[in-house]
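Please look over the sequence and the structure before reading on.

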There are 2 protein chains.
Amino acid sequence: MITITNNTINAYIDEHKERFINELFELLRIPSVSADPKYKKDVLRTADIIKEKLINAGAENVEICPTAGYPIVYGEKIVDPKLPTVLVYGHYDVQPADPIELWHSGPFEPVIKDGKIYARGACDDKGQMYMHIKAFELMMRTNSLACNIKFMVEGEEEVGSDNLGTFVKQNKEKLKADVILISDTGIIANHIPSITVGLRGLSYIEVEVTSPNRDLHSGLYGGAVANPINILCEMIAKMKDSNNHITIPGFYDDVEILSDEDRTEMAKAPFDIEEYKKALDLSDIHGETGYTTNERTSIRPTLDVNGIWGGYTGEGAKTVIPSKAYAKISMRLVPHQNSAKITQIFKEYFERMAPKSVKVKVMPHHGGEPVVTPHNSIAYKAASKAMENTFGVKPIPVRSGGSIPIVAMFKTELGLDSVLMGFGLDSDAIHSPNEHYGVFNYLKGIETIPYFYKYFTELSK
Amino acid sequence: MITITNNTINAYIDEHKERFINELFELLRIPSVSADPKYKKDVLRTADIIKEKLINAGAENVEICPTAGYPIVYGEKIVDPKLPTVLVYGHYDVQPADPIELWHSGPFEPVIKDGKIYARGACDDKGQMYMHIKAFELMMRTNSLACNIKFMVEGEEEVGSDNLGTFVKQNKEKLKADVILISDTGIIANHIPSITVGLRGLSYIEVEVTSPNRDLHSGLYGGAVANPINILCEMIAKMKDSNNHITIPGFYDDVEILSDEDRTEMAKAPFDIEEYKKALDLSDIHGETGYTTNERTSIRPTLDVNGIWGGYTGEGAKTVIPSKAYAKISMRLVPHQNSAKITQIFKEYFERMAPKSVKVKVMPHHGGEPVVTPHNSIAYKAASKAMENTFGVKPIPVRSGGSIPIVAMFKTELGLDSVLMGFGLDSDAIHSPNEHYGVFNYLKGIETIPYFYKYFTELSK
């Protein structure tokens, strides 16, 4: 049986780490923003590069699989069909970079400052995805790949993975595996490793409120015509009560209620509220009455306005009552809530609460299901042992507030659990200006991943 | 005594109307947007052209008077110091043109369609202001100017006339007159002339709500950190109760209460609610309980959000909790309310209602006082007779919902009443895309103005 040693791994990383960083920089320089059609060529070019990198690392049957949207890059290395197979998932698309004026260096001009790689996608998910390709290369070059490996790298994660479901349904044989391995989450701190065992779901919606058929002068019409911005604000305000409970009827019906025991267990995770407030410059925390900050971001659903616009937003003053106002609203969901159902009850509520004086449109963007992954499985144990090996501390299982909707879909379509072994930090500013990823974390990921294969193969026997 | 006849006026207009329109087009082609610094050169160029046009029309002592902002163009024709003097006020700056994509033709490429001149400023106020220069030219060329005339044309009306007050204070002698004549308002319809005898005041404010010190990922932080957009919406919503009364303590304290008699008189003005709804494509009207639509836009104060922005407003979806959210909010004021006081109580209320979890900034933009002008004065009677002469119907005195803050300032500083003899229509879409001004209205203004001078001089004897 093939095994891998500390020495093999550390020596290879030491020798090649500069190249590992340079290759990631090459990826980060391409603005593969899937949300904005003007970057279409860049997104497609990124897929080409991933293909090339997989081939160079030693993958076989590498192909760019077309979808109705951006393609999925597939590659594999079958060592022995009798050995277990790990399916690695990642994404090569990134979030938009705006507000661009808040970046200290160009979002697509990666630089290292204070040991951190600054660029859009540095952590989410180019950095974390590319660790897997480099760890694979390491295992191939050192003849230490312990089991079979398959790669599936998509380009639409940041816009809802709309075409991944169809691809998975149509390629069940090709994607056959024993577990899915994903690095698109984080650890608590560099000295406190953790593994994500729960993710929130998502329902993302755009709304439009229309009042007069054209922009009006607020002097001549103000007071007599519904102002769509005021109305939109009133409708958004009504969606939460004074305890910050969401008022959509039925919203909490399916929410998983944790036992006091589970909540007590959760409360043991290290957390300093004063540090938290200081790091974000918050004068106070804010959220649902009756829950702690960690509970609010993990086991409780939310409703946040992610964007709002209407009327005159330029310099100076314009006394206008606009014809329309818009908002992008998303809800994070917890286990047993269903994205389609939540989207539907939001729509009904929003339409019903609109005063007769306005017209409203509710346009669902995308959704994803909440998920809890087992933390007594072989795969979880392999990840835990791998991290303990390289961090020197046993990782803590945690529930994350974020959403990777495809985890639930993989379970349904392929019957596979996922292991969410990520290496990012909450402070990496993913989806924000100045996103970054620690060089430490990038190399620690490349170091840890080979152990996962080793332990997973051993424990699978 | 100099007098003027129908024949003189009509013959001159007939001969020159094509040129009158072409000259206005020349003005409309310059984007003199005072709110946006990028148009600075254009605003200044417009002042130069106004100067040239005044000189060509026969004005004397024409000068471009510098201020701390955009200059004021002054010119005069003193026929005889013993005769009355009319001070004409107008403005050469215009509102911003956005949303530009809603214009059917370029906002600064004037065209005539269906008898209407389409361009930003066609009505407000280049078209209405230029009527006075052309009426003055007519009187000069036909030797029929009955009294003295002074012009004061400013370039900051659309941004609050910040420097006009200082100019007026410093030039009281130069501006000495018997009445101020302004065309920056409208008539009810082309067959129902009216004269504005009341204007609302204005308090215009920009607010900023800040929560975390950077944009956050809504998955990782959603639920635990105040979302500045949600908070801003909640704060705006709280500013009105379910009867659409404004909740700022003290807001209504000074509001002039009209007698039932006055309200009954007002209700006689022709108004068709179904026509109104149809013209604006409104499913219903919306406003303060207990008042009619006409009352809501004239004798009652308002609070409208003129612009709102925050978070991700591009295409697609971005799951962000932004650091900041903004709104531009204006309040229209009625007689006896004071703009500075209202701005102050708004600021106190907004700051007080902010939850501890956010920081707020309240930035006053500009304000103006409400005003009621007398409708039993010589000047009002002269305007009324002039309009009756050219429209064939006696004009109705009306209160307008708009604000021309300088009217109150003229009264305070110069001790002069203003006559608001405008020729626009509510449907002219001023401050909106596709602003226009009827060729009928433009020429009717040029035709009516000389009669004002005639009657004002006669009645002043």
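In what sense do β11(A) and β11(B) pair, and over how many bridges? The two strands pair in the antiparallel sense, and five bridges join β11(A) to β11(B). The model is a predicted one.

## The sheet shared by the chains

The pairing of β11(A) with β11(B) sits within an open sheet of eight strands, ordered β14(A)-β9(A)-β13(A)-β11(A)-β11(B)-β13(B)-β9(B)-β14(B), with antiparallel pairing. The edges are held by β14 (359-368) of chain A and β14 (359-368) of chain B; each has a single partner strand, so one side of each has no neighbour in the sheet. On average, and with direction ignored, neighbouring strands of this sheet are turned by 15 degrees against each other.

Helix α10 (residues 339-353) of chain B lies across β9, β13 and β14 of chain B. Relative to β14(B), helix α10 of chain B runs at about 170 degrees.

## Relation and contact of the two chains

Chain B is superposed on chain A by a rotation of 180 degrees with 0.0 Å of shift along its axis, at an RMSD of 0.1 Å. This is the relation of a two-fold axis. Of the interface residues of chain B, 100% are also interface residues in chain A, so the copies meet through the same surface.

The contact takes 83 residues from chain B and 83 residues from chain A. On the side of chain B that touches chain A, the elements giving two or more residues are β10 (216-217), α5 (218-221), α6, α9 (293-296), β11, β12 (320-321), β13 and β14 of chain B. The most comes from β11(B), with eight residues. By class, the residues on this side of chain B are 30 nonpolar, 34 polar and 19 charged.

## The α1 and α13 pair in each chain

In chain B, the axes of helix α1 (residues 6-28) and helix α13 (residues 439-460) come within 11 Å and cross at roughly 130 degrees. The helices α1(B) and α13(B) are therefore oblique to each other, and the crossing is right-handed. From α1(B) the contact uses I9(B), I13(B), K17(B), F20(B), I21(B) and L24(B), and from α13(B) it uses V439(B), Y442(B), L443(B), I446(B), E447(B) and P450(B). These residues comprise 10 nonpolar, no polar and two charged.

In chain A, helix α1 (residues 6-28) and helix α13 (residues 439-460) pack at an angle of about 135 degrees, with their axes 11 Å apart. That makes α1(A) oblique to α13(A), and α1(A) passes α13(A) in a right-handed crossing. I9(A), I13(A), K17(A), F20(A) and I21(A) of α1(A) make the contact with V439(A), L443(A), I446(A), E447(A) and P450(A) of α13(A). By class, the contact of α1(A) with α13(A) has eight nonpolar, no polar and two charged residues.

Note on methods:
Residues are numbered from 1 along each chain as its sequence is written. Chains are lettered from A and ligands numbered from 1 in the order in which they are written. This is a predicted model: local features need pLDDT of at least 70, side-chain atom pairs count only at pLDDT 80 or more; totals for chains, interfaces and linings use all residues. Two strands pair if DSSP finds at least two bridges between them. Helices (H or I, at least four residues) and strands (E, at least two) are DSSP runs, numbered from the N terminus. Axes are lines fitted to C-alpha atoms, for helices over the stretch in contact, and angles run from 0 to 180 degrees between N-to-C directions. Two residues are in contact if their C-beta atoms, placed from the backbone, lie within 7 Å. Angles under 35 degrees count as roughly parallel, over 145 as roughly antiparallel, 65 to 115 as roughly perpendicular and the rest as oblique. A crossing is left-handed if the near helix is turned anticlockwise from the far one by less than a right angle, and right-handed if clockwise. Ala, Val, Leu, Ile, Met, Phe, Trp, Tyr, Cys and Pro count as nonpolar, Asp, Glu, Lys and Arg as charged, and the others, Gly among them, as polar. Copies are superposed by least squares on the C-alpha atoms of residues with pLDDT of at least 70 in both.
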